[in-house]
Amino acid sequence: MNLFVNGDISTMHLFQVTPDELKDEEEYEDILEDIKEECNKYGVVRSIEIPRPIEGVEVPGCGKWSHTDIENIHILIRIELTKHRMPHPNACKEMLLIDRKLGGRGIIDIQSLRTTQIQTLKHFFHSKQTNLHKAIVKADKNYTQLNLSYPDHDGQLFPETEGFMLATQDQVIATQNYKKYIIKDPSITDDNCRKCHQQKETIDHITSGCKTLAGTEYTARHISAAKVIHQALATTNKLIENTYPYYNYTPTSVLENDRYKLYWDVEIHTDKTIPANRPDILQSKADKMTYLIDIAIPNNVNIRNTYAGKISKYTDPAMEIKRLWKQNKVTTVLLIMSVSGLTPNTFTQHLQQLGLDEKLHKVFQKSVILKTCNIVRSFLNSDK
Ligand SMILES: [Zn+2]
């Protein structure tokens, strides 16, 4: 629908209605009247144009693009490419959309284009301060694809990153192992890891199994994710005031007020050994409750084992801390997310257990996924 308001031309596909409603003469008149009335509150409406569907004719500006529409276009592209023997038969469809440098086909992803368009339009409406724009933002409760009344999600990933992660999950990144066994590239004789030379260079190896990355890259990813939780605990419990973006946040070893005490990376002295990662510890003074918070980022297949293993490792230390610190209860909270952002379904419950907003799941996921992407990218760009 095009709106021309006070000579200021704003083209907005808003107040979307179904094609059937527009075909019906009576309903069409009603819609026109409603919109005119609404817009007149903000200035004189010179004219209103609503594209109406015509049987058998494609009218520009009509309709919403659904995921199925877009997927159908992709299918057409793939059929066309397959006719010309373009995609490798063993490669999954996401390969087509991945950057050529990363071993993909570099075809423009219509889904991403659409996402970008939506983001740009959303940003446009959210940044405008006129009453009309504000009213539109307020009124758009999923009427349009912009869904302007909903705030943007914190965990939004760049479409490229999302595509990259899909490929990681499908194990189709151009590792030595992939080239040798899947693409059957004859020039690859050795599919061992280019860095440690000890194990096969698979995507799992790069994202979580390589010794040479353990002390540096994987630790950095772990710290980045742990900071998200620490910062949230500190702000929620009023231990710090300002909220910085998590990636600029530097945790303090001990934060304390009259109700809570929060530790970051502090060694605890007990007779029992605390597992290798030092847990974050939150102590609620009034009810003498202590939470041992451990964060782990295993590869996708190891989520379940990691969870079970950690639980048993913390049983003794938890009892010990309960006794030494004279607590009523010591609870172990495990926040586990795979390198590509998958979590056990207990993840949200654990956030709630700590009094944290479940939206934090997205922020946490974003921090993990971005780090994993960086790890894989710089690995593949490094010399063989
Ligand atoms: Zn390695």
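In the predicted model, helix α10 is followed by K326, a residue with a positive phi near 50°. The helix itself covers residues 303–324, and its 22 residues reach 32 Å from the first C-alpha to the last, close to the 32 Å expected at 1.5 Å a residue.

An α-helix has 3.6 residues a turn, so residues three or four places apart point the same way.

The largest nonpolar core comprises 45 residues, within which I229, L292, I293 and L335 have the most contacts. At least two residues of this core are supplied by each of α8 (203–209), α9 (211–236), β5 (260–263), β6 (280–284), β7, α10, β8 and α12 (360–381). Helix α12 provides the largest share, nine residues. Leaving aside residues up to four places away in sequence, I293 touches I229, P279, D280, L282, V333, L335 and L354. In soluble globular proteins, nonpolar side chains tend to be buried together.

Helix α2 (residues 25–40) was examined in the same terms. Its 16 residues should span 22 Å at 1.5 Å a residue, and the end C-alpha atoms of α2 are 22 Å apart, in agreement with that value. The number of buried residues among the 16 of α2 is zero, and the helix therefore lies largely in the open.

Key. Residues numbered from 1 in each chain as written. Predicted model: local features only at pLDDT ≥ 70, side-chain atom pairs only at ≥ 80, totals over all residues. Helix = DSSP H or I, 4+ residues; strand = E, 2+ residues; numbered from the N terminus. Expected span 1.5 Å × (residues − 1). Core = buried A, V, L, I, M, F, W, Y, C linked by C-beta atoms within 7 Å. Buried ≥ 20, exposed ≤ 12 C-beta atoms within 10 Å, placed from the backbone. Contact = placed C-beta atoms within 7 Å.
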